[in-house]
Amino acid sequence: MDKQAVRHMVIFNLKHPAGSAEAETFLKDGEKILTTIPVVRFFEVFRQVSAKNDYQYGFSMEFNNAADYEAYNNHPAHVKFVEERWKTEVDRFLEIDFQNY
């Protein structure tokens with residue numbers, strides 16, 4: 001990752017029971033929808049395995065630069081996903097955005 005790139009990560013819990021069909025659908029739909037946005041690179045979906053953290057899942061992706069990250073935030077597919085799915089199905093979350101030091 002070069003110094004201009006932005007690594008965007010969000011860890012979250014769903015309102016759905018872990019491992020349920022609804023949770024699996026949310027994770028798959030999130031990947032399918034968000035990876036249609038052209039500026040998204042290296043999208044990954046994670047399940048939490050550490051006892052030190054009580055978040056269940058994670059999404060991680062990279063952008064070439066801050067402008068691409070801003071374009072992602074404002075992209076209609078992202079806005080729609082947040083409004084229609086994230087706000088209704090996510091219980092709590094923590095967002096983290098990094099650039100190389």
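Modeller: Two strands are taken to pair if DSSP finds at least two bridges between them. The model is predicted, and in it 4 strands form an open sheet in the order β2-β3-β1-β4, with antiparallel pairing. Its edge strands are β2 (41-47) and β4 (90-98), each of which pairs on one side only. On average, neighbouring strands of this sheet are turned by 15° against each other, direction ignored.

Arg47 has Tyr57 in β3 as its bridge partner.

Helix α1 (residues 21-34) lies across β1 (6-14), β2, β3 and β4. Relative to β2, helix α1 runs at about 175°.

Two packed helices are described by the angle between their axes and the distance between the axes. Helix α2 (residues 66-74) packs with helix α3 (residues 76-89) at an angle of about 50°, and their axes are 5 Å apart. That angle makes α2 oblique to α3. In this contact, Tyr72, Asn73 and Asn74 of α2 meet Pro76, His78 and Val79 of α3. By class, the contact of α2 with α3 has 3 nonpolar and 3 polar residues, and no charged residues.

Note on methods. Residues are numbered from 1 along each chain as its sequence is written. This is a predicted model: local features need pLDDT of at least 70, side-chain atom pairs count only at pLDDT 80 or more; totals for chains, interfaces and linings use all residues. Side-chain values use heavy atoms; hydrogens and water are left out. Axes are lines fitted to C-alpha atoms, for helices over the stretch in contact, and angles run from 0 to 180 degrees between N-to-C directions. Helices (H or I, at least four residues) and strands (E, at least two) are DSSP runs, numbered from the N terminus. Angles under 35 degrees count as roughly parallel, over 145 as roughly antiparallel, 65 to 115 as roughly perpendicular and the rest as oblique. Contact means heavy atoms within 4.5 Å. Ala, Val, Leu, Ile, Met, Phe, Trp, Tyr, Cys and Pro count as nonpolar, Asp, Glu, Lys and Arg as charged, and the others, Gly among them, as polar.
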